[in-house]
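Here's a quick look at a few loop residues and their surroundings. Have the structure open while you read.

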Amino acid sequence: MIYTAKEIRQADETAARQGMPEDVLMERAASAVASRLAVPPSASILVVCGTGNNGGDGWVVARELVQRGHDVFVWTPLGEPKSRTAAAHAAYARRFVTVVSDPRPTDLIIDALFGIGLKGPVTGQARTVISWLQSQDTPIISIDIPSGVTSDTASGFDGHAVKATATYTLHGYKRSAFLPKTAPYYGKVERVDIGLPHTSSWRVLTADDFDETLFWRDPFSHKATYGHGLLIGGSAHLIGAPFLAAKASLRTGIGLLDVAIPDAASPLKATLPEAMYYCIEAIPETDYAATAIGPGMTEGGTLERVWESVRSRESPLIVDAGALTTRHLEASGPVTLTPHPGELARLTGKTVEAIEADRFEVARQFAMKHGVHLILKGTYTLIVSPDGSGAVNTVEAPALAKGGSGDVLTGIALALWARSRRIEPRNNPNEQAVLWHALAAKRAGETIHPASVLASDVIEAIGCI
């Protein structure tokens with residue numbers, strides 16, 4: 001689960017009302033972190049504690065590590081704990097640890113300077129301390145969040161933060177662990193369960209969340225079982241995009257596929273004989289299970305005429321690439337938009353920088369405002385539902401940083417939405433499309449270098465994950 005700082009504070013307050021005092025919760029959290037640290041018994045450790053509850057976590061971790069036989073030194077460069085709970089834990093830990101007035105060389109550093117309460121860039125003495133931490137070659141483990149990184153957004157983040165080797169994040173992940181400017185500071189992220197109930201509407205997707213039953217084929221099924229889809233795309237200078245999307249859809253298992261393209265794209269029909277073709281100016285009134293529009297299209301009269309012909313259909317509609325405009329947000333059936341940050345900037349009027357600094361909230365607000373499903377593409381692609389709930393894909397696939405990758409995703413999504421009419425999906429079709437897309441790209445990148453992977457290579461790997 002992924003939480004904002006406000007949601008974490010609310011969870012703590014709820015736990016306190018229900019009989020879990022703050023000092024007990026801090027003890028549990030820090031003990032859980034200490035038990036995860038795989039360090040040699042002979043390792044010496046410096047714990048850098050701040051004045052808040054994150055510093056209190058550091059004091060408990062330090063005490064636990066001493067009890068495990070380590071030489072532990074605690075440095076409090078910003079002064080003594082200010083919260084009652086942190087002060088109580090510090091007073092007890094002082095019986096066991098060695099408190100130092102200046103940092104000393106050790107085998108490991110534990111960063112417990114700032115937690116989720118930090119707002120804006122660090123200043124003053126704290127900035128000097130973080131500069132020192134940045135200069136160290138020693139591995140650094142951050143508790144909950146790297147000091148200097150804010151929890152929810154990267155707005156105003158100036159890069160002056162601890163660059164952790166690993167971060168043990170408490171209860172749930174923080175949004176900044178998935179933002180382009182702040183994610184690199186986390187290092188390897190591991191969630192530490194501290195026994196609180198999970199209430200977030202945002203989830204983390206891993207390879208384990210891919211539904212392998214999507215590969216199953218009923219021996220008594222037929223082509224209509226897996227959906228009849230329509231793909232609309234292409235323009236005079238962008239004729240390849242609809243073919244990439246179409247082939248991806250077929251590889252994903254759609255039963256029947258009609259493709260509506262302009263005359264300029266007709267020479268490529270022979271490259272994909274499995275599809276059925278129509279002129280983009282004469283789309284049939286068939287009852288399609290799902291429709292995708294946009295790959296290779298450009299704004300103009302053709303797009304507007306096509307949109308008017310598909311928006312009244314009650315089946316799912318995927319809108320991509322050239323069809324992503326503010327005029328194409330409402331339709332009779334469920335709508336999925338698949339923008340990259342530049343396209344979402346065009347839809348919202350925000351800058352790309354503003355979107356990337358606050359991806360979760362921008363995507364959530366947009367999906368709720370317009371009542372659409374949204375796939376905001378990126379290293380950590382967000383999949384958002386109209387009610388504002390969502391998920392983030394953590395299957396990293398650098399091979400997707402190439403033209404045509406978005407068309408492939410559109411084709412996969414079309415196939416999964418098309419089959420949902422006859423086969424009740426176990427999971428959200430958009431989430432499964434994003435996972436399948438990333439896993440196929442990752443598989444392709446294992447055969448050849450990710451830089452050499454083409455969108456067509458990703459398509460060929462769809463059935464091999």
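Where is the place of Asp 144? This is a predicted model, and in it Asp 144 sits in the loop between β6 (140–143) and β7 (166–170). Its phi is near 75°, a positive value in a residue other than glycine. Asp 144 counts as buried because its relative accessibility is 8%, and the cut-off for buried is under 20%.

Next up is His 171, in the loop that runs between β7 and β8 (173–174). His 171 isn't a glycine, yet its phi is positive too, at about 70°. For background, most residues other than glycine have a negative phi. With a relative accessible area of 2%, His 171 is buried.

Now for Thr 338, which you'll find in the loop between β16 (335–337) and α8 (341–348). Is Thr 338 buried or exposed? Thr 338 counts as buried, because its relative accessibility is 0%.

Here are the accessibility values side by side:

| Residue | Relative accessibility |
|---|---|
| Asp 144 | 8% |
| His 171 | 2% |
| Thr 338 | 0% |

What does the side chain of Thr 338 make a polar contact with? The partner is the side chain of Asp 320, at 2.8 Å. Asp 320 also turns up among the residues that Thr 338 touches, leaving aside those up to four places away in sequence. That list includes Ile 318, Val 319 and Leu 324, along with Glu 343, Ile 375, Lys 377 and Thr 410.

How values were computed
Residues are numbered from 1 along each chain as its sequence is written. This is a predicted model: local features need pLDDT of at least 70, side-chain atom pairs count only at pLDDT 80 or more; totals for chains, interfaces and linings use all residues. Side-chain values use heavy atoms; hydrogens and water are left out. Helices (H or I, at least four residues) and strands (E, at least two) are DSSP runs, numbered from the N terminus. Buried means under 20% relative accessible area, exposed over 50%, partly exposed in between (1.4 Å probe, protein chains only). A polar contact is a pair of N or O atoms within 3.5 Å; within protein, one must be able to donate a hydrogen and the other to accept it, and residues adjacent in sequence count only if both atoms are side-chain atoms. Contact means heavy atoms within 4.5 Å.
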